[in-house]
Amino acid sequence: MSMIARSIRPFTIVNRFYTTAAASESIVARLKNDRKTFMKEKKQPDLNVLKGLLSDFTYYTKSPSFKEGTSEDEAMMSVLQKAIKRRQDSIEQFKSGGRPELAEQELQELKVLESYLPEQMSAEAIEKEVKSLIEQLGATSAKDMGKVMKAWKYDSAVADRKLVSDAVKKLLSQ
């Protein structure tokens with residue numbers, strides 16, 4: 001065998017950024033594509049938010065609290081919701097601390113993060129669903145709150161659990 005023949009190895013073309021229809025629906029793929037777009041457009045504040053989010057996602061998937069078998073999108077939604085909650089808390093603290101410029105910066109970052117969430121249920125829609133759920137379960141008092149919350153079928157990415165909890169408390173206390 002000649003020297004040239006030995007140095008040529010069969011290879012496969014691997015394109016990590018190739019997206020199929022299924023992958024384009026993935027929030028992780030969307031974030032990575034947007035990161036590339038923001039790099040090209042030099043949208044620095046938005047790019048920093050996405051880089052931080054993807055970094056948090058990587059750390060989360062390698063942490064001991066990550067459950068094997070969790071889908072990539074579920075894990076990203078968890079990381080995304082934590083990042084949003086962190087920004088909301090920061091905004092409140094900056095406003096109470098008399099730092100409106102920092103609160104405004106956090107608000108801009110929050111808007112970028114919220115653009116990746118699925119459409120949220122309104123408070124009225126949540127209340128309507130909770131009413132029907134309470135009727136189905138026959139819940140009558142605040143003691144039945146746990147039963148209602150367990151039966152809640154919407155993902156926390158679509159309906160904020162705090163809003164659901166508040167609606168349940170309100171309707172069961174009447």
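Okay, let's start with a definition. On a 1 Å grid over the protein atoms alone, a pocket is an open set of points with protein on both sides within 12 Å along at least five of seven lines, and its lining residues have an atom within 4 Å of a point. A cavity, on that grid, is a set of points where a 1.4 Å probe fits but cannot get out. Hold on to those two; we'll come back to them.

Now, what you see above is a predicted model, so local features need pLDDT of at least 70 and side-chain atom pairs count only at pLDDT 80 or more, while totals for chains, interfaces and linings use all residues. Residues are numbered from 1 along each chain as its sequence is written, and side-chain values use heavy atoms, with hydrogens and water left out.

Helix H6 (100–114) has the highest confidence, at a mean of 94, and helix H2 (residues 21–25) the lowest, at 45. Contact here means heavy atoms within 4.5 Å.

On to the overall layout. There are nine helices and zero strands; both are DSSP runs numbered from the N terminus, helices being H or I with at least four residues and strands E with at least two. Of the 174 residues, 29% count as buried, meaning under 20% relative accessible area with a 1.4 Å probe and protein chains only; exposed is over 50%, and partly exposed is in between. Looking at contacts with a separation of 6 or more, 55% come from residues 24 or more positions apart.

Let's zoom in on helix H5, residues 72–96. Its 25 residues should span 36 Å at 1.5 Å a residue, and the end C-alpha atoms are 36 Å apart, so the two agree. That expected span is 1.5 Å times one less than the number of residues. Buried residues in H5 include Ala75, Leu80, Ile84 and Arg87. Their cover includes helix H3 (27–41), helix H4 (44–62) and H6. After H5 comes Gly98, with a positive phi near 75 degrees.

So where's the largest pocket? Its volume, the space filled by probe spheres set on grid points joined across faces, edges and corners, is about 410 Å³. Of its 18 lining residues, Ile84, Gln88, Gln120, Ser156 and Asp160 lie nearest the centre. H5 and helix H9 (161–172) are the elements that give two or more residues to that lining, and H5 has the largest share, with six.

Beyond its neighbours within four places in sequence, Ile134 touches Ala139, Val148, Leu171 and Leu172.

For contrast, take Asn48 over in H4: this one is partly exposed, with a relative accessible area of 43%.

Definitions and conventions:
pLDDT = per-residue confidence, 0-100.
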